[in-house]
Structure formats: structure tokens, C-alpha cells
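Open the model in your viewer and keep the selection panel at hand. The tour goes from one selection to the next.

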Amino acid sequence: MSYSDAIAQRVETISQSALINGVTPLVGRFLLTAIFLLSGVSKISDPAGTIGYINMVGLPFPSLSYGAAILTEIVGSIALILGFHTRIVALILAVFSVATALAFHNNLGDLNQFIHFFKNIAMAGGLLQVVAFGAGRYSLDARR
């Protein structure tokens, strides 16, 4: 067996392990949702400020947008952590991330906004990986 064959066999063994197929997607789901949970909680703690900010960027129905954002961030995070309807929830959160990048972080001449814009785009990319590959072994979806 050549060196490259041995490496290929080792990679195949690792990719089929319980750690990779079970624990890693679970940890990934927790890490992806951390920012949504924190953002949702911060919105709940300052409704007037959040609604004012939504109004300032010119979105229609700021109070309704506020409620929709909290629902998306908190309920979506919990569902993603549990692995409940994971692909659909991840797609919703990915679309939400891109929409918030476009609506709230579109002044790319401002370095802070530039960073936030591409942070949201990167989050959407990670969420699309969940859409493509699912929740993994440790999820409610796997139990159905």
C-alpha cells in the first residue's frame, strides 16, 4: 500500500467515525446559532431601540419586523440546535442572514459595515452547508 493510499484510507475511516458524523454537526449547529440567540436576546432586552433602528433603515412595519426577527432568531436557533426540520430552518436563517446584510450592513465604505456584511454572508454559507448535508446523527431529524 502506497503512502497516498494509506492517507486516503485513514481519511475515509475518520469521515465515517461517530465523532465526525455525530458530534461535529451537533457542535456546528450550536456554534452557528450562538450569534442568532445573542442577537435575539439583545432585541428582546431593547425593543424600542431595535424598532427605532429598523425604522431608521426604512423597513416597512418596524414593529412587525421586530417580532419576525425575534421569532426567526430565537425559535430558529432552538430548532437548529435540536435538529428539528433542520434543512428548512437552516435555509430560513440563511435567507434571513443575507436579507439583514443587505438591509442593515450595506454601507460597504464603512469598514464596520463591510465586516458585518461579509460576516452575514459567511454565516449564510455555513447554513447552506447544513441545508445540503443535514443535521447529522444527533438530531431530532435523525430520530424520525
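Start in the largest nonpolar core: of its 14 residues, select Phe-36, Leu-80, Leu-93 and Leu-127, which touch the most other members. A nonpolar core here is a set of buried Ala, Val, Leu, Ile, Met, Phe, Trp, Tyr and Cys residues joined through side-chain atoms within 4.5 Å. Buried means under 20% relative accessible area, exposed over 50%, and partly exposed in between (1.4 Å probe, protein chains only).

This is a predicted model: local features need pLDDT of at least 70, side-chain atom pairs count only at pLDDT 80 or more, and totals for chains, interfaces and linings use all residues. Residues are numbered from 1 along each chain as its sequence is written, and side-chain values use heavy atoms, with hydrogens and water left out.

H5 gives the most, with 5 residues. Helices are DSSP runs (H or I, at least four residues), numbered from the N terminus.

Zoom in on Leu-93. Leaving aside neighbours within four places in sequence, Leu-93 is in contact (heavy atoms within 4.5 Å) with Phe-36, Thr-72, Gly-76, Leu-80 and Leu-127.

Next, select H2 (residues 18-45) and H6 (residues 111-133). Their axes come within 10 Å and cross at roughly 135 degrees. Axes are lines fitted to C-alpha atoms, for helices over the stretch in contact, and angles run from 0 to 180 degrees between N-to-C directions. H2 and H6 are therefore oblique to each other; angles under 35 degrees count as roughly parallel, over 145 as roughly antiparallel, 65 to 115 as roughly perpendicular and the rest as oblique.

Show the side chains. On H2, Leu-32, Ile-35 and Phe-36 make the contact; on H6, Lys-119, Met-123, Gly-126, Leu-127 and Val-130 do.

Move to H3 (residues 47-56) and H4. Here the axes come within 9 Å and cross at roughly 115 degrees. Which residues meet in this pair, H3 with H4? Pro-47, Thr-50, Ile-51, Ile-54 and Asn-55 in H3 meet Pro-62, Ser-63, Ser-65 and Tyr-66 in H4.

Finish at Ile-7, in helix H1 (residues 3-15). Ile-7 is partly exposed, with a relative accessible area of 38%. Draw a distance to Ile-35: the two C-alpha atoms are separated by 36 Å, and the residues are 28 apart along the chain.

Terms used:
Helix = DSSP H or I, 4+ residues; strand = E, 2+ residues; numbered from the N terminus.
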